[in-house]
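This briefing concerns side-chain contacts, taking aromatic pairs and salt bridges in turn. Please keep the sequence and the structure at hand while reading.

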Amino acid sequence: MCSVMRKIKPVQRALAVFLRTNTEGSSYAAAENRRSCPGVTTGIHPLRAASRSYSSRMALTEGLLFRQLFELESSTYTYLLADTDTREAILIDPVLETIDRDLKLIHELGLNLNVAVNTHCHADHITSTGLMKKRLVGLKSAISKHSGASADIFLSEGDKIPFGKHYLTVRETPGHTDGCVSLVSADQSMAFTGDCLLIRGCGRTDFQQGCAKRLYQSVHEKIFSLPDQCLVFPAHDYHGQTMSTVGEERKFNPRLTKSRDEFVNIMNNLNLPKPKKIDISVPANLVCGVHQV
């Protein structure tokens, strides 16, 4: 799927950028030790509610509706983007447990969800993409062609995922898995980095074709090449942080500011426990999340 669309005019970016003090926002191990809502910086409303929770953040591009949503158990962020004129929308990394919340929000906002994208084949949760397709007529699923997973659309480097007059461009960022992609807005003001680049951390590289050298290369060539002010929205955060910037991560990320050899040594010695749901999540996500649902 490679749609050629005219570039949209960049507009003023948000002035507020959060400077984070955490020096290690890194691994699944943090989630293993967490039993409550992640800590939240003073003044920022927690992304937790009894039923439907989502962060309503001002869109950075004219005519763009943007919502950041959170799933508590796996600390997964789901992102909803839509064209405010056409109401066409896309959803990034939806989680099975929050399908009702997500569909309710889409209905309330009057959106037409065209594509649900997974940034990779997740190991810590089951995607809701397959079940969502059964509940929304015309919805298509998308994932990297290198993921080994089923989908309607297989993504490659440079592909564009359109929604109205907007689109996201695919950048292949393997290393956490072979099929990891990052999605960049047309004006390069936003990057959805999946598990490749986290806030002050990165995805682990010790399973699912993980390779520390490839991850290091992916981040430095495909993400750190973006403008400093580009906002980074990861697939997970375990410390209550909602976003970062390319400039912050290039300067403060405790792993990726090291040399490649130092980074590889760090990643090879993390000794993390495997994700609790890996044995059910990976097989399910290989078939679009509908395995034994």
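Is Phe263 buried or exposed? Phe263 is buried, because its relative accessibility of 0% falls under the 20% cut-off. The model is a predicted one. It holds 9 aromatic pairs and 14 salt bridges.

**Aromatic pairs**

- Among the 9 aromatic pairs is the one formed by Tyr216 and Phe263, whose ring centres are 5.4 Å apart.
- The planes of Tyr216 and Phe263 stand at 45 degrees to each other, and the pair is classed as tilted.
- Tyr216 belongs to helix H4 (residues 212–223) and Phe263 to helix H6 (residues 260–267), so the contact ties together parts that are 47 residues apart in sequence.
- Tyr216 is buried as well, with a relative accessible area of 13%.
- A cluster linked by ring pairs comprises Phe66, Phe70, Tyr77, Tyr79, Phe192 and Phe233.

**A salt bridge between buried residues**

- Arg101 and Asp102 form a salt bridge through their side chains, with an N to O distance of 2.8 Å.
- Arg101 counts as buried at 7% relative accessibility, and Asp102 counts as buried at 2%.

**Salt bridges between distant parts of the chain**

- Arg214 and Asp178 meet through their side chains in a salt bridge of 2.9 Å, N to O.
- This pair links distant parts of the chain: Arg214 is in helix H4, whereas Asp178 is in the loop between strand S9 (166–172) and strand S10 (181–185), 36 residues apart.
- Arg214 is partly exposed, with a relative accessible area of 37%, and Asp178 is partly exposed at 26%.
- In the salt bridge of Asp228 with Arg250, the closest N and O atoms are 2.1 Å apart.
- Here too the pair links distant parts of the chain, with Asp228 in the loop between H4 and strand S14 (231–234) and Arg250 in helix H5 (residues 246–252), 22 residues apart.
- Asp228 has a relative accessible area of 45% and is partly exposed, while Arg250 counts as partly exposed at 31% relative accessibility.

**A salt-bridge network**

Note on methods. Residues are numbered from 1 along each chain as its sequence is written. This is a predicted model: local features need pLDDT of at least 70, side-chain atom pairs count only at pLDDT 80 or more; totals for chains, interfaces and linings use all residues. Side-chain values use heavy atoms; hydrogens and water are left out. Rings of Phe, Tyr and Trp (its six-membered ring) pair if their centres lie within 6.5 Å; planes under 30 degrees apart count as stacked, over 60 as edge-to-face and the rest as tilted. Helices (H or I, at least four residues) and strands (E, at least two) are DSSP runs, numbered from the N terminus. Buried means under 20% relative accessible area, exposed over 50%, partly exposed in between (1.4 Å probe, protein chains only). A salt bridge is a side-chain nitrogen of Lys or Arg within 4 Å of a carboxyl oxygen of Asp or Glu.
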